[in-house]
Amino acid sequence: QQMSWRGYCNKTRSMKNLENQTIALAAIYQSCYIIKEIAWTGKFNEKDLEILISAIFITNPSSVYNVFNNIRHLDTGFKFLKDQLNGNNVNEEAKEYFSALVQLSKGLEKNETITAKIQEELLVLKSSFSNEEIDFGDKSEINNQSLKISTLYTDTLSKIEPRIIIIGDNQYLKDPLVAAKIRTSLFAGLRSVFLWKNFGGSNIKNFFYKSNIINEIDRLLAT
């Protein structure tokens, strides 16, 4: 059995695609938000990362809700994404991380060896879970999973050029656990980029349908 993030979704109606794209975008921006927060302060809401880690191991979903079963845990991403689209408190670092993750997805699509390695290692990691999912009830579990995913990132995605450069405070960037959570957030962000693209997302659509996406964010936050 293979795990793949690509080509798994059927085409649906345009409004449903907008919903799926918006949720996936929020997940990408939540990853970028975590990265900037932890890189500069060493702190972030770990609940924001838990849902993103779980999503890494979910493949072949019929909708984005199969990946993110409780979108309330993406509220940070929705609000951060809305600010960026509205031009409020625009964060240039997050914009750079978003662009870098999209570029990384293109590099991964061209590298079958690294793709195969990731699929193989994710299966190994997933097989270590009880009940087919991660139990975050244990507070140390997010650290354990972050260290494992970080190692996988270093062994695979970090070898694809251009490498993603993280800006922050060196006292935090040098901390092994902080570095692991940054790499895990990058890995999770990449997973959401594939989700976004597979549901028809693109930078061009982000530009031309910005108001539609903002309205969809408002609708999703209100549900």
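The dialogue below takes these features in turn.

Tutor: This is a predicted model, in which local features need pLDDT of at least 70, side-chain atom pairs count only at pLDDT 80 or more, and totals for chains, interfaces and linings use all residues. Residues are numbered from 1 along each chain as its sequence is written, and side-chain values use heavy atoms, with hydrogens and water left out.

Student: How many aromatic pairs does the structure hold?

Tutor: Rings of Phe, Tyr and Trp (its six-membered ring) pair if their centres lie within 6.5 Å; planes under 30 degrees apart count as stacked, over 60 as edge-to-face and the rest as tilted. The structure holds five such pairs. In one of them, Tyr 33 and Phe 80 have ring centres 5.1 Å apart and planes at 65°, so the pair is edge-to-face.

Student: Which helices hold Tyr 33 and Phe 80?

Tutor: Helices are DSSP runs (H or I, at least four residues), numbered from the N terminus. Tyr 33 is in H1 (residues 14–41) and Phe 80 in H3 (residues 75–86), so the pair ties together parts 47 residues apart in sequence.

Student: Is Phe 80 buried or exposed?

Tutor: Buried means under 20% relative accessible area, exposed over 50%, and partly exposed in between (1.4 Å probe, protein chains only). Phe 80, at 8%, counts as buried, whereas Tyr 33, at 25%, is partly exposed.

Student: What is the geometry of the pair of Phe 98 and Trp 196?

Tutor: Their ring centres lie 5.5 Å apart with planes at 65°, so this pair is edge-to-face. It links distant parts of the chain, with Phe 98 in H4 (residues 92–109) and Trp 196 in H8 (residues 176–198), 98 residues apart. Phe 98 is buried at 5% relative accessible area, and Trp 196 is buried at 2%. Tyr 29, Tyr 33, Phe 80, Phe 98 and Trp 196 form one aromatic cluster.

Student: How do I read the span of H8?

Tutor: The expected span of a helix is 1.5 Å times one less than its number of residues. H8 has 23 residues and reaches 33 Å from first to last C-alpha, close to the expected 33 Å. Of those 23 residues, 19 are buried, so H8 is largely enclosed by the rest of the structure.

Student: What is found just after H8?

Tutor: Gly 200 takes a positive phi of about 95° there. Further along is helix H9 (residues 203–208), which contains Ile 204. At 58% relative accessibility, Ile 204 counts as exposed.

Technical notes:
Helix = DSSP H or I, 4+ residues; strand = E, 2+ residues; numbered from the N terminus.
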